[in-house]
Amino acid sequence: MEIIVNTEAKCKIIIRRGQVKDDKLPEGFVITDTNLYHYYKDLISSENYIIKAGEESKSLENYFKILNNVNRDTIVAFGGGVTGDLAGFIASTYKRGINLIQVPTSLVAMTDSSIGGKNGVNLGEKKNYVGTIYQPALILIDPELLKTLPEKEFKNGLAEVIKYGHLFGSPSLKLVSSKNLSDEDIEKIIIECCKNKVKIVEKDQFDKGYRHILNFGHTVGHAIEILYNLSHGEAISIGMIKELEIGNRLGIIDKKQIENLKNALVSVGLPIELPKDLDVDKVLKIMKSDKKGKFKFAFDEKNYDYYVEEETVRECLK
Ligand SMILES: NC(=O)c1ccc[n+]([C@@H]2O[C@H](COP(=O)([O-])OP(=O)(O)OC[C@H]3O[C@@H](n4cnc5c(N)ncnc54)[C@H](O)[C@@H]3O)[C@@H](O)[C@H]2O)c1
Ligand SMILES: [Zn+2]
């Protein structure tokens, strides 16, 4: 399966089981993390740089370190979203931009982060504050690589998959809820998410409006993720439900949509309730500082830059 992303720098996505696992990575300067290196070192034949697995590696420090090691005209990002975001930023700035190939290995990266060109690193606590939008030339998706992805990380990915399901009424939402996902189901889900992401990127490559739709679940989600030490998937799972309840109060979202989403999230073991000891003031403060003093939400395809009064948000979080 091939999908072309029609941005001015054309990008090709190839989705095929085994294309990396049973072969080798493309030639280039490979950036990967310690976990991937552990499982797949045999696939790497060219120069490489291995970062420590984890979000902390998305740092300016690593950015500078790696820049000083690059010795090829192609960067190959082999890993999850952390590796992809860091490697993409390096490729986009080294010599004012060199060839970039994304080889995503996590469900998050295969369905979302490797597509669309957003890259970057964190500036201390500030997530994704430094980066560019720079399209890879090629994205190689090999679902076989998911076989080594830890269950917990797979679940994080499913939260984002379910997000697409709500936003675009995708048929795969039903698949996600089925007890055991077969290899074929997973491929269907990946293809569907890729198509949705491509549609968003083609409409709004530079994140000026429509692409904000992907923030659904993330306004509340991001705040509780930081405060309650939740995984990103858990946080946006709860965030999506709370945001739909806010949307319901505003008359945008109907109860049936909330029920559907709750069922899908619960069926894969994701949480939907806020922490019992929630400090509403603290959560509101983070949500506000994140959005320049206002509460902005994305609910669906029509309402993705929607401002909501503090009182309404507070009521729904209580
Ligand atoms: N650029 C974008 O558009 C975009 C979109 C969504 C998320 N992101 C970013 O992506 C990051 C999250 O992505 P993620 O969840 O992939 O994080 P990650 O890269 O940290 O991967 C999660 C964990 O899974 C391990 N892993 C990945 N693939 C594996 C495999 N096949 N086998 C064994 N272990 C594997 C990694 O080593 C890591 O420990 C965040 O930094 C987020 O900001 C970016
Ligand atoms: Zn997310």
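Lys127 is partly exposed, with a relative accessible area of 36%; here buried means under 20% relative accessible area, exposed over 50% and partly exposed in between (1.4 Å probe, protein chains only). The side chain of Lys127 meets that of Glu55 in a salt bridge, 3.4 Å from N to O. This is a predicted model, where local features need pLDDT of at least 70 and side-chain atom pairs count only at pLDDT 80 or more, while totals for chains, interfaces and linings use all residues. Residues are numbered from 1 along each chain as its sequence is written, chains are lettered from A and ligands numbered from 1 in the order in which they are written, and side-chain values use heavy atoms, with hydrogens and water left out.

**Salt bridges**

- A search of the whole structure turns up 23 salt bridges, each being a side-chain nitrogen of Lys or Arg within 4 Å of a carboxyl oxygen of Asp or Glu.
- Back to the Glu55–Lys127 bridge, at 3.4 Å from N to O. Glu55 sits in the loop between strand 4 (48-51) and helix 2 (60-67) and Lys127 in strand 8 (residues 126-130), so the pair ties together parts that are 72 residues apart in sequence. Helices (H or I, at least four residues) and strands (E, at least two) are DSSP runs, numbered from the N terminus.
- Glu55 is partly exposed too, with a relative accessible area of 30%.
- Lys147 and Asp183 also join side chains in a salt bridge, at 3.3 Å from N to O. Lys147 is in the loop between strand 9 (138-141) and helix 5 (151-168), while Asp183 is in helix 7 (residues 183-203), so this pair ties together parts that are 36 residues apart in sequence.
- Lys147 is exposed at 52% relative accessible area, whereas Asp183 is partly exposed at 34%.
- Lys199 bridges to Glu301, with their closest N and O atoms 3.9 Å apart. The pair links distant parts of the chain, with Lys199 in helix 7 and Glu301 in the loop between strand 10 (295-297) and strand 11 (306-308), 102 residues apart.

**Aromatic pairs and charges over rings**

- The structure holds 8 aromatic pairs. Rings of Phe, Tyr and Trp (its six-membered ring) pair if their centres lie within 6.5 Å; planes under 30 degrees apart count as stacked, over 60 as edge-to-face and the rest as tilted.
- One of the pairs is Tyr40 with Phe78: ring centres are 5.9 Å apart and planes at 70°, so the pair is edge-to-face. Tyr40 lies in helix 1 (residues 34-40) and Phe78 in strand 5 (residues 74-79), so the contact ties together parts that are 38 residues apart in sequence.
- Tyr40 and Phe78 are both buried, and together with Tyr39 they form one aromatic cluster.
- Phe297 and Phe299 have ring centres 5.8 Å apart and planes at 15°, so they're stacked. Phe297 is buried at 1% relative accessibility, and Phe299 is buried at 0%.
- Two lysines put their charged ends over tyrosine rings: Lys163 over Tyr164, 5.9 Å from the ring centre, and Lys203 over Tyr210, 4.2 Å from the ring centre. A charge sits over a ring if NZ of Lys or CZ of Arg is within 6 Å of the ring centre and within 35 degrees of the ring normal.

**Zinc site**

- Zinc (ligand 2) has Glu160 (OE), His218 (NE2) and His232 (NE2) as its protein donors, 2.0 to 2.1 Å away. Donors are N, O and S atoms within 2.8 Å of the metal (3.2 Å for Na, K and Ca); water is not among the atoms, so sites may look incomplete.
- Along the chain, the donors of this zinc ion follow the spacing E-x57-H-x13-H. The two histidines link distant parts of the chain: His218 is in helix 8 (residues 218-228) and His232 in helix 9, 14 residues apart.
- His218 is buried at 18% relative accessible area, while His232 is partly exposed at 29%.

**Helix 9**

- Helix 9 (residues 232-249) has 18 residues and reaches 26 Å from its first C-alpha to its last, close to the 26 Å expected. That expected span is 1.5 Å times one less than the number of residues.
- Helix 9 is mostly covered, with 13 of its 18 residues buried.
- Just after helix 9, Gly251 takes a positive phi of about 80°.
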